[in-house]
Amino acid sequence: MGFMVPTDRKRVMVLLLVLAGVGVLSIAISFFLQLFERRAVLPQELNDARLRAGEISRDIVRLSNEANEEIKALGAIDPERDRVRAEWLVNEARNKNKEAYDKAVALSNELKRMADALPQVKSSDAERILYQAIATEISLVTEFIQYTKELNVFLESVNALLASNTRENQYRVQ
């Protein structure tokens, strides 16, 4: 009998909320920037960083979904019977998670560029709203980065369990 990959509903919900937040805020920032572009001239650096941030956000969502699918598939197989597939799924999930982490770091850099360009915004209302949106996005990205680190620890524990089905490794996965 194989092991089941536990699903921690709270962590899954946090991930989904963070991913939804990243997506919604990216759309909101784009919307507000377009709205404020009509009233105030926004610096090109801000617009360029916004476009890059949107692309990166989409990549993060895609990679996180792909890693989640690999983990679901892992939970559905018997790793004792299909160890090679189980190891492959763990490695794929780790690779997707690592790539999502790298993208989140890149996204935080784009958010920093956007924040650095805020003083050039002529409208104080636009600057205030953009500042709040960027601050919230930074908070979500920081939480997501922490989540990817925790997921990596979990995947390492699953990998250790696949290599040696000991009580200690079982406990670590649980």
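Student: What is the accessible surface of the protein, and what share belongs to carbon and sulfur atoms?

Tutor: In this predicted model, the accessible surface comes to about 10,200 Å². Carbon and sulfur atoms account for 54% of that surface.

Student: How many helices and strands does the protein have?

Tutor: There are five helices and zero strands. Read along the sequence, the pattern is accordingly written α-α-α-α-α.

Student: What makes Thr148 count as buried or exposed?

Tutor: The relative accessible area of Thr148 is 2%. The term buried applies under 20%, so Thr148 is buried. Thr148 lies in helix H4, which spans residues 124-163.

Student: Which residues does Thr148 touch, not counting residues up to four places away in sequence?

Tutor: With those sequence neighbours set aside, Thr148 touches Asn97 and Tyr101. A contact requires heavy atoms within 4.5 Å.

Student: What percentage of the residues in the protein is buried?

Tutor: Buried residues make up 40% of the 174 residues.

Student: Why is the arrangement of H2 and H3 called roughly antiparallel?

Tutor: Helix H2 comprises residues 44-76 and helix H3 residues 83-117, and the two pack at an angle of about 160 degrees. Angles over 145 degrees count as roughly antiparallel, and H2 and H3 are therefore roughly antiparallel to each other. Their axes are 8 Å apart.

Student: What is the handedness of the crossing of H2 and H3, and which classes of residue form the contact?

Tutor: The crossing of H2 and H3 is left-handed. The contact of H2 with H3 has 21 nonpolar, three polar and 13 charged residues.

Student: What is the handedness of the crossing of H3 and H4, and how do the residues of the contact divide by class?

Tutor: The crossing of H3 and H4 is left-handed. The residues of the contact of H3 with H4 divide into 21 nonpolar, six polar and six charged.

Student: Finally, what percentage of contacts between residues at least 6 apart in sequence joins residues at least 24 apart?

Tutor: Among those contacts in the protein, 76% join residues at least 24 apart.

Terms used: Residues numbered from 1 in each chain as written. Predicted model: local features only at pLDDT ≥ 70, side-chain atom pairs only at ≥ 80, totals over all residues. Heavy atoms only, no water. Helix = DSSP H or I, 4+ residues; strand = E, 2+ residues; numbered from the N terminus. Buried < 20%, exposed > 50% of the residue type's maximum accessible area, 1.4 Å probe, protein only. Areas by Shrake-Rupley, 256 points an atom, 1.4 Å probe, with all protein chains shown as cover. Axes fitted to C-alpha atoms, helices over the stretch in contact; angles between N-to-C directions. Parallel < 35°, antiparallel > 145°, perpendicular 65-115°, else oblique. Left-handed = near helix turned anticlockwise from the far one by under 90°. Nonpolar A, V, L, I, M, F, W, Y, C, P; charged D, E, K, R; others polar.
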